[in-house]
Amino acid sequence: MGSGSSTQHHFAFQNAEKAFKAAALIQRWYRRYMARLEMRRHCTWSIFQSIEYAGQQDQVKLHNFFSYLVDHFTPSSHNERDFLNRMFTEERSPQDSEMEKSSDYESIEVPDSYTGPRLSFPLLPDHATALVEAFRLKQRLHARYVLNLLHEARRHLVQLPNISRLSTCYSEEITVCGDLHGQLDDLIFIFYKNGLPSPERAYVFNGDFVDRGKDSIEILMILFAFMLVYPKEFHLNRGNHEDHMVNLRYGFTKEVMQKYKIHGKKILKILQDVFCLLPLATLVDEKVLILHGGVSDTTDLELLAKLDRHKIVSTLRCKTRKENKKPAEEKGKNNQMSSAGRPSPWFLPQSRSLPSSPLHPSAHKAARAGRSSSVPCSVAPDPKELSRQVRRSVDLELERCRQQAGFPAIEEKEEPVPSASEAEEQLEPTQEEWRQVVDILWSDPMAQEGCKANTVRGGGCYFGPNVTERLLQKYSLQFLIRSHECKPEGYEFCHNRKVLTIFSASNYYEVGSNRGAYVKLGPALTPHIVQFQANKATHKLTMRQRISRVEASALRALREKLFAHSSDLLIEFKKHDKDKTGLVTLSDWAAAVESVLHLGLPWRMLRPQLVNSQTDNMLEYKSWLENLAKEKLSHENIQSSLLETLYRNRSNLETIFRIIDSDHSGFISLDEFRQTWKLFSSHMNIDITDDCICDLARSIDFNKDGHIDINEFLEAFRLVEQSCSEGDASDCPRTTNTNSSACSSPGAH
Amino acid sequence: MMPYSLKGSRSRPQREIGTIIRSLGCCPSEGELHDLIAEVEEEEPTGYIRYEKFLPVMTEVLLERRYRPIPEDILLRAFEVLDPAKRGFLSKEELIKYMTEEGEPFSQEEMEEMLSAAIDPESNTIHYKDYIAMMVIDEN
């Protein structure tokens, strides 16, 4: 009979085989699970990014609106003129800034009771280190020192070239950091992990230090302090957020005014100057080019090195002077001199239309095929053919806007008097110069070859691997380091490892959304990446929990956006429901949503998270929309359509407020609000009755003094983002749960 | 049909194909995945897969219902095979041993990630029935 050992072996073999198969099965299942998780993460990421970029487009539209206003709005009465003046004017002349210099801060007294850090100039390394420590302990720097530091920073920046140069001969290691966006924790973490700046440890900060996060000013103070202390080793590049126009929308202006109620305005004023004095790029060993956004197929480093960067105040809109030397190629806005009588807007272009070369009023909506222009400005058509037609329609549109806004009809037109003032011409960059700067601050790399306008952001371009290659060859460079885009791992190589994106704001969209990273370069110029995530909570979460949490946040934002477009969605659904059954198929749902929101998201994948009330593949769209609204309506007396409109234009509203509130007092008058809103809504084709807005405005004016407190207005209607309850790290469901608090998706059961 | 937002690019890197296929409902083994990729990749491996090549192959896979996902009860039995004493759990060491030495072994990263979610830190064991139950909820 077969020996016991052979049956034993037989069994052993069978068992081993079973174990092998069992293990393989478990692994197979697990890998699929992880893939689905990865897919969810990818979706969530797309949601955040597309909403973020849509917001940037809004910004561009808003500024097109204001330019349009300035270009075509001829105030015919005292009131109108004053109103416009108040909105748009602020004197800025070169002589003023010199005089303001010392008087700005010397007169400010620092009380004895002040326990924060005190600075004396010239700064010593210890001061800078002490500043880091003080901010870590949540202290606040007194306005006097802020202004003093900014003045010194400005004095220093003025002497710097547009393109800084660093060599690994002097500093053995160079650390390059990307966007910080006001997240002080990340900066402190980097210094903690990598070491403080020193002559042996050079740093390059690649722009976007401010906006979004809550400690932008503190970050600036630290960065400027180290720049003054180690001028050879500590370098800053300008980012697209180092721009007072962008700051109005993305939170930096608000932060400064909140933290420095008395002196905030002065601080903002000098920052405006400081920002445009920041260098545009850094070159390491003449081989590695570091700049914030990217490049274009026309990027000209020699031109960039030569231009006067101080003239480029904002990359969103810019006064440009008439380019005499380049006639036919000029595709940009037509540049005119300012008329002597008109106030010069401090942030908007000076371009006025003369009879011979008018501007197309709605050109900013014109789609751009291919690379005609990288900037969001109107395209001037062939003047002679269209001049009369266009001018007529401009007048008509202008008149319509004015009537809607309640201004009396124009009785006489002011003729703009061109004044050929040499001095003014010197203050403005050329169209080409401005475009070069916009390109390097706003562009993004893409996988395909070529170069096309960056319509998502509204500025700069998308540049392909061939563009990178050409540039690197032209200037004998090895690779490019840039930032500007958030990446899940904090960094990303592309274009055959010739372009490195480095992003240093961890948890940018939400706790757990992404890592931050910085890159170190030694003499061999081999990039060495270090990643981090400056939030202890995330370390305790598993990937599953992290993804769930971020996902919940993204879905919240998405549901809000859906709500904000309820009316349009209803119309779209009805188109798919010709028989008026009240139902649409789920694929129709997806198609409808995309055609309204234009976010380019995989709606079919997201559907289970957004729609949980369907039967047999059909959705009752009206009740779905109502459910969306229920989450938002806290004020029953406000019509949901109004709320929806406000929600949709929330950022625009806030930005408008801040622009109107030119003295940053936090208050605007009812009348100003009404007038501006009317103009804005008529221009943007927003359908809202005048009465509605009046009622709304009046109801917010709680103390009935004719003024609206901006923050009250925004908070009253929950138009500012509410910080969701942090701290429940263990909120992700392990078992079925029914509550719909922060992190469970509604579809889960 | 494609749930994966292609972002204007008509090709994806190879390593993402596994994610895409699995998220479409298929549950291939690593070996099966490699075979599939071999079917769709370019003659000269560029590291990218083109959509035009991928689509017909993937459609066939879906229509044939190849690589069906694993039902819960089968999964449970697999764990039970590894736990012949029927304790209801596996020790951390046992799990590591099986997952990294048997079948199509996990990478260190995969192992760590699985452990972080599956292991009960106090007893250092994985109670597989609960684990499966928890993971399955997420799927829906």
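**Close-up views of a predicted model**

View 1. Strands β13 (residues 516-521) and β14 (residues 528-532) of chain A run antiparallel and are joined by five bridges. Strands are DSSP runs of E with at least two residues, helices are runs of H or I with at least four, both numbered from the N terminus, and two strands pair if DSSP finds at least two bridges between them. Six residues lie between the strands, and A:L525 in this hairpin has a positive phi near 60°. This is a predicted model, where local features need pLDDT of at least 70 and side-chain atom pairs count only at pLDDT 80 or more. Residues are numbered from 1 along each chain as its sequence is written.

**View 2. Meet helix α5 (residues 143-158) of chain A.** Because 13 of its 16 residues are buried, α5(A) is largely enclosed by the rest of the structure. Here, buried means under 20% relative accessible area, exposed over 50%, and partly exposed in between (1.4 Å probe, protein chains only).

**View 3. A:K259 has two salt-bridge partners here, A:D215 and A:E255.** A salt bridge is a side-chain nitrogen of Lys or Arg within 4 Å of a carboxyl oxygen of Asp or Glu. The closest N and O atoms are 3.5 Å apart for A:D215 and 2.9 Å apart for A:E255. A:K259 and A:E255 are both buried.

**View 4. In chain B, the side chains of B:E30 and B:R22 meet in a salt bridge.** The N to O distance is 2.8 Å. B:E30 is partly exposed, whereas B:R22 is buried.

Definitions and conventions: Chains are lettered from A and ligands numbered from 1 in the order in which they are written. Side-chain values use heavy atoms; hydrogens and water are left out. The expected span of a helix is 1.5 Å times one less than its number of residues.
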